[in-house]
Amino acid sequence: RTVLDIIYARLTTWLAPMLAFTMEDVWLERNAGDDTSVHLQDFPETPSDWLNAELAEKWGKIRSVRRLVSGALEYARQEKIIGSSLEAYPIVYLITEKSLWDTDEQALNELNSVDLAEIFITSGITLKVGRPEDVNIPIDPLSGIAVEFHKAEGEKCARCWKILPDVGSHKHAQTCGRCSDALG
């Protein structure tokens, strides 16, 4: 409960300038009274020992990859190849000599430690080390990453809307394995 209280205090005060009425309602639900307002609160001090530089660096790299994937998806959207990012299944190439990471193993460990398809809002993703076979695929000079666009194959899940090959082969009709398991 302590963690939830800390998160609540920070989110309501940080978001109050942008979501003035919503955060005021949220604040007053917990701190009722005529003399209280989220807009009269100072931002809470955040202890410096909460900073995790290693985690921040990892997510900075993941966000860099996400920007490149989002750019490739936007190009495909403009060309009317896809309408939604969930129709995509990109391949991300990590070029060793220019990588954001020190080693291929480190790159794969960090990127595989999270669900990249969820973060990139795609139906799936493949990571490969090395240069793409198609020389026309641009490589980002700063990160050493190339993104090859592919359309996702399979059917659209009625619950999560991802396009996956296993949709319809589970207990619940028109769902993928993950959604079918969630439905019980």
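Author: Ala, Val, Leu, Ile, Met, Phe, Trp, Tyr, Cys and Pro count as nonpolar, Asp, Glu, Lys and Arg as charged, and the others, Gly among them, as polar. This is a predicted model, in which local features need pLDDT of at least 70 and side-chain atom pairs count only at pLDDT 80 or more, while totals for chains, interfaces and linings use all residues. Residues are numbered from 1 along each chain as its sequence is written, and side-chain values use heavy atoms, with hydrogens and water left out.

Reader: What makes up the lining of the largest pocket, by class?

Author: By those classes, the lining has 10 nonpolar, no polar and 1 charged residues. The residues are L68, A72, Y75, A76, I81, P138, D140, I145, A146, V147 and F149. The volume of the largest pocket is about 180 Å³, a volume being the space filled by probe spheres set on the points.

Reader: Which elements each supply at least two residues of that lining?

Author: These are α3 and β4 (145-148), and the largest share, 4 residues, comes from α3. Helices (H or I, at least four residues) and strands (E, at least two) are DSSP runs, numbered from the N terminus.

Reader: Why is the pair of Y8 and W27 called stacked?

Author: Rings of Phe, Tyr and Trp (its six-membered ring) pair if their centres lie within 6.5 Å, and planes under 30 degrees apart count as stacked, over 60 as edge-to-face and the rest as tilted. The centres of Y8 and W27 are 5.9 Å apart, with 10° between the planes, and the pair is therefore stacked. Y8 lies in helix α1 (residues 2-15) and W27 in helix α2 (residues 20-30), so the pair ties together parts that are 19 residues apart in sequence. A search of the whole structure finds 1 aromatic pair.

Reader: How do you know whether Y8 and W27 are buried or exposed?

Author: Buried means under 20% relative accessible area, exposed over 50%, and partly exposed in between (1.4 Å probe, protein chains only). Y8 has 16% and W27 has 9%, so both count as buried.

Reader: What makes the charged end of R30 sit over the ring of Y8?

Author: The criterion requires NZ of Lys or CZ of Arg within 6 Å of the ring centre and within 35 degrees of the ring normal. The charged end of R30 is 4.5 Å from the centre of the Y8 ring and is assigned as sitting over it. The charged end of K156 likewise sits over the ring of W161, 4.5 Å from its centre.

Methods:
1 Å grid on protein atoms, 1.4 Å probe; cavity = no way out; pocket = protein on both sides within 12 Å on 5 of 7 lines; lining within 4 Å.
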